[in-house]
Amino acid sequence: MRVIGVIGAGVMGTGIAHNFALAGYDVILVDISEAILSKAKEQISNNIRLQGLYTREFIADKPEVILNRINFTVDYELLKDADYIIENVPEKWETKKEVYLKLDRICPAHCIFAVNTSCISITKVASLTNRPTQVIGSHYMNPVIMKPVVEVIKGYHTSEETVEATKALLTSLHKEAIIVNDFPGFVSNRISHLMMNEAAFVVQDQVADPKDVDDIFKKCFGHKMGPLETADLIGLDTVVHSLDILYESYQDPKFRCCPLLRKMAEAGTHGRKTGQGFYPYPFYTSSLV
């Protein structure tokens with residue numbers, strides 16, 4: 001595999017494109033807007049300059065060489081030579097459906113589709129394609145370049161060949177694949193979103209402020225980040241949408257989204273990516289930190 005297609009140039013897509021380019025792959029980063037792609041290019045360029053502060057073992061090439069490995073485009077047709085696709089579009093079924101119907105038509109027969117999703121069924125996505133054995137879930141964590149593990153999800157039809165190819169690809173990025181089965185939320189989000197949601201309820205009920213909630217998890221349990229800091233990093237809008245999918249999938253009231261969390265998402269205070277969430281981020285410029 002030499003050509004990696006990355007669909008979606010948001011926070012996750014830019015991180016994934018950067019990571020693969022850093023490892024020497026040719027990357028085609030696709031989005032629907034030139035403005036989004038321009039912002040993604042600027043973000044990746046900034047991150048490349050900063051990466052030496054965080055990941056010394058990866059640095060081998062000059063920043064301009066790494067950046068030149070990424071083709072920023074709105075043209076899906078350029079994916080006709082892609083060996084592996086990682087899709088990162090918003091967690092909306094109609095949006096994903098449109099993307100996969102297009103990818104299945106354009107991409108070569110050997111190409112594997114990796115769904116970078118928090119909660120949507122890999123089996124359901126695979127049903128849109130003529131290659132269900134070559135569809136797999138790959139749940140990258142943010143910031144991508146600093147996370148050594150990817151949650152990899154087997155759909156009902158996912159072949160062992162696809163699993164092994166994905167594991168080998170991640171190994172080339174110095175990442176470990178932890179293989180889980182396909183069920184809404186998988187492992188990480190099914191558990192972590194309950195914690196973030198309940199932390200928001202604690203703030204809403206005025207039991208504690210966000211800093212005290214997070215400090216308890218960091219100082220008592222040894223977590224590197226508290227649940228509300230994590231929610232800000234992921235994006236409160238993304239957390240809300242994932243909770244809605246979990247609630248719809250399981251019909252279990254434990255996944256009912258905290259009203260405060262939904263109110264903040266509707267107000268546009270989405271966390272780090274907007275400069276304000278449970279905490280302010282006046283100097284936030286990089287997805288590496």
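These legends accompany close-up views of a predicted model.

**View 1. An open sheet of eight strands.** The strand order is β3-β2-β1-β4-β5-β6-β7-β8, and the pairing is mixed. At the edges stand β3 (70-73) and β8 (176-181). Each has a single partner strand, so one side of each lacks a neighbour in the sheet. On average, neighbouring strands are turned by 25° against each other, direction ignored.

**View 2. Strands β4 and β5 side by side.** Residues 84-87 form β4, and residues 112-115 form β5. The two strands run parallel and are joined by four bridges. Which residue of β5 is the bridge partner of I86? That partner is A114.

**View 3. Helices lying across the sheet strands.** Helix α2 (residues 34-50) lies across β2 (26-30) and β3. Its direction is at about 155° to β3. Helix α6 (residues 160-171) lies across β1 (3-7), β4, β5, β6 (135-139), β7 (149-154) and β8. Relative to β7, α6 runs at about 170°.

**View 4. The packing of α7 against α10.** Helix α7 spans residues 188-204, and helix α10 spans residues 236-250. They pack at an angle of about 115°, and their axes are 10 Å apart. The crossing is left-handed. From α7, the contact uses N189, R190, H193, M196 and N197. From α10, V239, S242, L243, L246 and Y250 take part. By class, five of the contact residues are nonpolar, four are polar and one is charged.

**View 5. The second largest pocket.** How much space lies in this pocket? The volume is about 180 Å³. Its lining consists of E91, K92, W93, C119, I120, S121, K124, P184, I245, E248 and S249. Helix α10 gives the largest share of that lining, three residues. By class, the lining has five nonpolar, two polar and four charged residues.

**View 6. A cis peptide bond at P143.** The bond from N142 to P143 is cis, with omega near 0°. P143 sits in the loop between β6 and β7. Most peptide bonds are trans.

**View 7. A positive phi at F186.** Most residues other than glycine have a negative phi. F186 is not a glycine, yet its phi is positive, at about 55°. Where does F186 lie? F186 is placed in the loop between β8 and α7.

Key. Residues are numbered from 1 along each chain as its sequence is written. This is a predicted model: local features need pLDDT of at least 70, side-chain atom pairs count only at pLDDT 80 or more; totals for chains, interfaces and linings use all residues. Side-chain values use heavy atoms; hydrogens and water are left out. Axes are lines fitted to C-alpha atoms, for helices over the stretch in contact, and angles run from 0 to 180 degrees between N-to-C directions. A crossing is left-handed if the near helix is turned anticlockwise from the far one by less than a right angle, and right-handed if clockwise. Contact means heavy atoms within 4.5 Å. Ala, Val, Leu, Ile, Met, Phe, Trp, Tyr, Cys and Pro count as nonpolar, Asp, Glu, Lys and Arg as charged, and the others, Gly among them, as polar. Two strands pair if DSSP finds at least two bridges between them. On a 1 Å grid over the protein atoms alone, a cavity is a set of points where a 1.4 Å probe fits but cannot get out, and a pocket is an open set with protein on both sides within 12 Å along at least five of seven lines; lining residues have an atom within 4 Å of a point. Grid points are joined across faces, edges and corners, and a volume is the space filled by probe spheres set on the points.
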